[in-house]
Amino acid sequence: METIDGESFGEKYDLFVCLQCGKCTGSCPLSMRSQLSPRKHVREALLFDNEVVLDKEFLWDCTTCATCRLRCPRDLQPVEVIIGMRSILIEEAKVPATVQEALESTFKNGNPWGRAPSKRDEWAAELSLKSASEGAEYLYYVGCTPAYDPRVQNVAKSLVRVFKAAGVDFAILGNEEKCCGNEIRRMGEVGLFEMLMEDNVEIFENYGVERIVTSSPHCYNVFKNEYEGLKAEVFHYTQLLCEKLDNGLLKLTKELKKKVIYQDPCFLGKQNKIFEEPRKLISSIPGVELLEYDREKERSVCCEGGGGRMWAEATATGERTAETRVKEAVALGAEIIAVACPFCMLTFEDAVKMTGYEGKIEVKDISELLVEAIE
Amino acid sequence: MKIVVCVKHVPDTAEADVVITPDKKGIKKEGLAFGINEWDEYAVEEAILMKEKYGGEVVAITIGGKESEDTLRRCLAKGADRAIRIEDPALEGSDAYALAKVLCAVIKGMEYDIIFTGAQAGDDGFGQVGQTLAELLGIPHAALVTKVEPQDGKAKVHRELEGGLEEVLEIQLPAVLAVQTGINEPRYVSIMGIRKAKKKELKVLSLSDIGLSPDEVGEKGSLLTLEELYIPPVEKMAEILTGAPDETATKLAGILDERGLIPK
Ligand code: SF4
Ligand code: SF4
């Protein structure tokens, strides 16, 4: 198989050392419910021509959680092989309609949600926040989902309140903010990703941005690990707020007598090893009892919101992982599932409704819990 | 088969707030996202599907400034062979008739079997360019086209009518076909594809290049003059239902039933 740049998959992803041990498929949260099989795809990439991927609609099932990468004894990246295969599908225009809409909207509107760029800052209309042109210690990069989704907008609003309470000097880009491209790259649209990266690096440079703090682990990941030429330091909000907590600048005084369980977002935990900060923030809220899933931290289970899955109807059947996680949380006696990612927020809100546990368990972002503890 | 497709680069105003310029003749463009007119996207796809099936050539044409090359590059990336853009300061203020004259001037010297246009444009929404162009070229036309089947020298064309009716016509080629949305599924074109298409020919022509004088276009050459654009005043007919989803749904069903909108 050849990548869209004309390199062989084998060489580009070093696939010749694959043992075919199957640890990747064994650890994949989708392989039990879909034809997705990272082990098999690694083999196919070595043995066959590009044509074999053309009818593999299930390649859109991969959430790019990267568990396969984490488990591989040969340090291979099956997830990147799948992204490379998606790139072939993109160039051959074999794209599910919903993915196509998301990509076209990102090109045209700067967000995958089909929303007008002039409405991006509407969530902040009454908050009189500093704009990037005024300069600030941190650029708060809001992200597409917190900017536009009515439920997740509350995460952005909560973060603003907590930042203010902790004395964080921050500004936003408002309508100049554009998609970070993390999901776009994972949907295989390499050209669009590069375009977004170049545009964003230029915008950050123009405003002399030195520190970026993000709502989403996805934006954090792409800025931190994949942006070329970005000079700014990047933080996920849980890191910044944990530092403010340690320095005594963030004071959590109000009691919240709740049992809270934390869902590690793949792009924060597994992929960036940020496990402690979110937990410390939650457990520092007076009255909170922090529970743990049996499978937590590096063994945590993906919510199925990443890798473009917000815009792709999966071929996978059976119970969604987020539903399994909600049931586990209820069984453990949790009253709140705490998340730290906009996609986890949406998949879990859905899962609570699907499992019929509405009213029994709530989904809250850590920022929303912090707001309750400071006010 | 030789195919021409006429496209337009338009602002997306579905959600954005539209602001009228002080001269009341246009809208402010800052902050608006631009792209290919929705109907034209289907027209281009139909043109390319024809070419893929019957062979031949697709030429994409637009009237507009440099920025509208984005739309032409998209057409080239999707499979058009070459593109033409007509730009001239004298075109300012042109109505559908004047624009059809410009397109006619470009197309009349070309060889063509089918000219595709979108049924209308998302910005001014006139829906007249296709028919006027056909009239000027002296060829037949069909509008709101939902299916095309060429059969030597002719084409069987389906048209969408009101009330879910469909009309099937036999039309002599060459003809102008103004395409309705939904006729096909426009393909995705990647940014890499658009970059690669940069090598294809994109010609820029002025009025004098196509043999028209400034008096034939713009306000002077138009049958319609734009007096004033304004945002329609908000009517007081809207009623916002409040309450829990099941209550509002019950109220809504009641209202629909009252007005006889639920078939019994
Ligand atoms: S885990 Fe690694 S070595 Fe084993 S089959 Fe998967 S890619 Fe190959
Ligand atoms: S990234 Fe996750 S979902 Fe995708 S193949 Fe690997 S383990 Fe499976």
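Which side chains meet in a salt bridge at 3.6 Å, N to O? They are the side chains of A:Glu104 and B:Arg74, a salt bridge being a side-chain nitrogen of Lys or Arg within 4 Å of a carboxyl oxygen of Asp or Glu. The model here is a predicted one, in which local features need pLDDT of at least 70 and side-chain atom pairs count only at pLDDT 80 or more, while totals for chains, interfaces and linings use all residues. Residues are numbered from 1 along each chain as its sequence is written, chains are lettered from A and ligands numbered from 1 in the order in which they are written, and side-chain values use heavy atoms, with hydrogens and water left out.

Back to the interface. Across chain B and chain A, the rule finds five salt bridges. The two chains also share eight residue pairs in polar contact, both residues at pLDDT 80 or more; a polar contact is a pair of N or O atoms within 3.5 Å, and within protein one must be able to donate a hydrogen and the other to accept it, with residues adjacent in sequence counting only if both atoms are side-chain atoms. On the side of chain B that touches chain A, strand 3 (34-36) and helix 5 (191-196) of chain B are the elements giving two or more residues. Helices (H or I, at least four residues) and strands (E, at least two) are DSSP runs, numbered from the N terminus. Helix 5 of chain B gives the most, with four residues.

In terms of contact (heavy atoms within 4.5 Å), 17 residues of chain B meet 22 residues of chain A. About 1,800 Å² is buried between the chains, with carbon and sulfur atoms giving 52%; this is the accessible area (1.4 Å probe) that two parts lose on being put together, summed over both. B:Glu15, B:Tyr188 and B:Met192 supply 41% of what chain B buries against chain A, more than any other three residues.

Now for the ligands. Ligand 1 is surrounded by 13 residues, and the closest are A:Cys18, A:Cys21, A:Gly22, A:Cys24 and A:Cys72. A residue is counted here if one of its heavy atoms lies within 4 Å. The residues around ligand 2 include A:Cys28, A:Cys62, A:Cys65 and A:Cys68. Helix 4 (67-71) and helix 5 (78-91) of chain A are the elements that give two or more residues to that shell.

Finally, B:Thr62 sits in strand 4 (residues 57-63) of chain B. The side chain of B:Thr62 reaches the backbone oxygen of B:Val7 at 2.7 Å.
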